[in-house]
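Okay, thanks for coming, everyone. I'd like to walk you through one structure today, so let me put it up on the screen.

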Amino acid sequence: MTDAMKCPACNSEHAYQDRDLWVCPECGHEWSGTVEAAANTAQDTGVRDANGNALADGDSVIVIKDLKIKGSSSVVKGGTKVRNIRLQDASDGHNIACKIDGIGAMNLKSEFVRKA
């Protein structure tokens, strides 16, 4: 059973749909399924780190695993702190632009960092 069919007030699994509304027979609570769906899609927008925290321009992040640098023998070690990130829209998934001390400017994927 999906979470959309559970009552948000009492968490009952016996909720049923009546046209555009969901109704809970146990507590009498009524809610709209479309409002919840809109709230869930609004929450999914934006860039999130590996733990699901929202990222913003200027945040500091920590690299969670060793990352090989393409075209070089260098490696960005796990635990490296990166300050002052910039978010960007990229088709290849590298949605963080940053400058790492000792390496220089590079792009990272948000799935390999966590918010500091």
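Let's start with D59, which is buried, with a relative accessibility of 17%. Buried here means under 20% relative accessible area, exposed means over 50%, and partly exposed is in between, with a 1.4 Å probe and protein chains only.

Before I go on, some housekeeping: this is a predicted model, so local features need pLDDT of at least 70 and side-chain atom pairs count only at pLDDT 80 or more, while totals for chains, interfaces and linings use all residues. Residues are numbered from 1 along each chain as its sequence is written, and side-chain values use heavy atoms, with hydrogens and water left out.

So what does D59 pair with? Its side chain meets that of K115 in a salt bridge, at 3.6 Å from N to O. By salt bridge I mean a side-chain nitrogen of Lys or Arg within 4 Å of a carboxyl oxygen of Asp or Glu. K115 sits in strand β11 (residues 113-115) and D59 in the loop between α1 and β4, so the pair ties together parts that are 56 residues apart in sequence. Helices (H or I, at least four residues) and strands (E, at least two) are DSSP runs, numbered from the N terminus. K115 itself is partly exposed, at 33%.

How many salt bridges does a search of the whole structure find? Three. Another one joins D101 and R83, at 3.4 Å. D101 is in the loop between β9 and β10, and R83 is in the loop between β7 and β8, 18 residues apart. Both of those residues are exposed. Then there's E13 with K6, where the closest N and O atoms are 4.0 Å apart. E13 is partly exposed at 45%, and K6 is partly exposed too, at 22%.

Now, how far can you trust the model? pLDDT is the predictor's confidence in each residue, from 0 to 100. The chain's mean is 86, and 86% of its residues reach 70 or more. Confidence is lowest in helix α1 (residues 33-44), at a mean of 56, and highest in strand β4 (residues 61-63), at 97.
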